Amino acid sequence: MTQIDLKTAVGILKDNDNYLILTHKNPDGDTLGSAFALMYALRSLGKSAKVQCCDKIPKKYSYMYSPDDIGETDSPYVIAVDVADEKLLGNGVYDRYQGKVKLCIDHHISNKGYAEYLLLRDCAAACEVIYDLIGILGVKIDKKIADCIYTGISTDTGCFKFANVTDYTHIIAAGLISAGADFVEINKAMFETKSRGYFLLEAAAVNTIEMYNGGKCAVMTITQKMLHASGTDESDCDGIASIPRKIEGVLVGVTLRERTDGTYKVSLRSHAPVDCTKICGEMGGGGHARAAGCEFSRENLEKEKAQLLAIITRELDSI
């Protein structure tokens with residue numbers, strides 16, 4: 001792996017003509033916004049580009065693309081965006097492209113360095129890096145690109161309220177609004193609109209919350225049974241991992257979400273000074289200081305949960 005700067009990445013993008021852009025599984029606004037914004041930018045330069053995701057893209061992101069934008073291409077130059085670990089490409093895509101990612105564009109300091117080239121910046125969203133990359137490419141940011149990048153930044157910052165937001169984040173957002181980003185409708189779709197099933201799921205999940213460490217740690221569990229009962233799926237779970245952290249006095253919130261194969265996606269959200277990346281790193285995961293994740297196996301769920309809680313206890317005791 002060779003870590004590169006924006007100028008070198010631009011040279012790579014100009015030197016090739018056929019691109020496949022990969023997102024991570026359970027796609028969110030940042031990985032999708034990065035992928036489609038880059039796709040449109042490359043196409044504006046006369047290049048071929050498509051996006052591939054192992055999972056169904058949630059309906060609320062449908063304004064960013066058309067069905068023809070998704071799919072495989074022959075002998076592509078493979079790029080991964082907002083993907084810290086190659087395994088996060090997910091079933092099928094990981095099997096096909098393991099060891100074949102040429103360029104990774106990311107903002108996770110926990111990036112595993114699996115790509116031939118890595119463009120990495122510790123910032124609020126991968127879309128911030130994409131914004132600067134497109135600017136150096138000399139591509140004018142139109143409404144389509146602006147909508148994609150704004151979506152990524154808005155969702156990864158909790159609508160600009162997380163600690164990862166900087167003055168430059170707001171400067172970029174202002175530029176995107178000037179370019180035509182429909183920020184009112186985007187924020188409405190991302191933060192103000194939830195399915196009826198979501199509220200049924202949230203009610204069931206809240207009832208599972210367990211408190212630890214004198215109320216400084218809250219653990220919430222979402223099972224497949226809850227998803228089925230509420231008529232929801234993974235695409236309805238955006239934002240639900242932040243619920244435990246909202247409880248007064250909680251410094252670290254943990255959400256355990258059961259997958260269809262019985263494994264668990266573990267999401268941590270914290271308030272300063274608790275570092276989620278440090279905690280999840282000891283469990284084989286990664287992410288950011290205030291938001292990170294790891295995975296639990298079906299067979300060792302209780303053992304791994306106990307290990308995680310022990311690490312959290314140690315971190316809380318050190319404060």
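**Entry 1: Gly 180**

I started at Gly 180, which sits in the loop between helix 6 and helix 7 (183–192). Helices here are DSSP runs of H or I with at least four residues, strands are DSSP runs of E with at least two, and both are numbered from the N terminus. The model is predicted, so local features need pLDDT of at least 70 and side-chain atom pairs count only at pLDDT 80 or more, while totals for chains, interfaces and linings use all residues. Residues are numbered from 1 along each chain as its sequence is written, and side-chain values use heavy atoms, with hydrogens and water left out.

Next I looked up its contacts, meaning heavy atoms within 4.5 Å. Leaving aside neighbours within four places in sequence, Gly 180 touches Lys 143 and Asp 147. I also checked Asp 167, 13 residues away along the chain. The two C-alpha atoms are separated by 20 Å.

I traced an open sheet of six strands in the order 1-6-5-4-2-3, with parallel pairing. Two strands count as paired if DSSP finds at least two bridges between them. Strand 1 (2–3) and strand 3 (48–52) are the edges; each has a single partner strand, so one side of each has no neighbour in the sheet.

Helix 2 (residues 29–44) packs on this sheet. It touches strand 2 (18–22), strand 3, strand 4 (77–81) and strand 5. Its direction makes about 165° with that of strand 3. Axes are lines fitted to C-alpha atoms, for helices over the stretch in contact, and angles run from 0 to 180 degrees between N-to-C directions.

Then I took the pairs around strand 6. Strand 5 (residues 103–106) and strand 6 (residues 117–120) pair in the parallel sense over four bridges. Cys 104 stands opposite Leu 118 there, and Leu 103 has Tyr 117 as its bridge partner. Strand 1 and strand 6 are also parallel, over two bridges. Tyr 117 is the bridge partner of Thr 2.

**Entry 2: the mixed sheet**

I found another open sheet of six strands, in the order 7-8-9-10-12-11, with mixed pairing. Its edges are strand 7 (210–212) and strand 11 (286–287); each has a single partner strand, so one side of each is left without a neighbour in the sheet. Strand 11 pairs with strand 12 (residues 291–296) in the antiparallel sense over two bridges. In that pair, Gly 286 has Gly 293 as its bridge partner.

How many residues of strand 8 (residues 217–222) are buried? Six of the six are, so the strand is largely enclosed by the rest of the structure. Cys 217, Val 219 and Thr 221 point one way, and Ala 218, Met 220 and Ile 222 the other way.

Strand 8 runs antiparallel to strand 7, over three bridges. Tyr 212 stands opposite Cys 217. Strand 8 runs parallel to strand 9 (residues 252–258), joined by six bridges. Cys 217 has Val 252 as its bridge partner in strand 9.

**Entry 3: backbone exceptions**

Most residues other than glycine have a negative phi, and most peptide bonds are trans. I listed some exceptions.

- Asn 26 has a positive phi near 45°. It lies in the loop between strand 2 and helix 2, and it is partly exposed at 21% relative accessibility.
- Cys 159 has a positive phi near 60°. It lies in the loop between helix 5 (143–156) and helix 6 (167–178), and its relative accessible area is 31%, partly exposed.
- The peptide bond from Ala 272 to Pro 273 is cis, with omega near 10°. Pro 273 lies in the loop between strand 10 (264–270) and helix 10 (276–281).

Note on methods. Buried means under 20% relative accessible area, exposed over 50%, partly exposed in between (1.4 Å probe, protein chains only).
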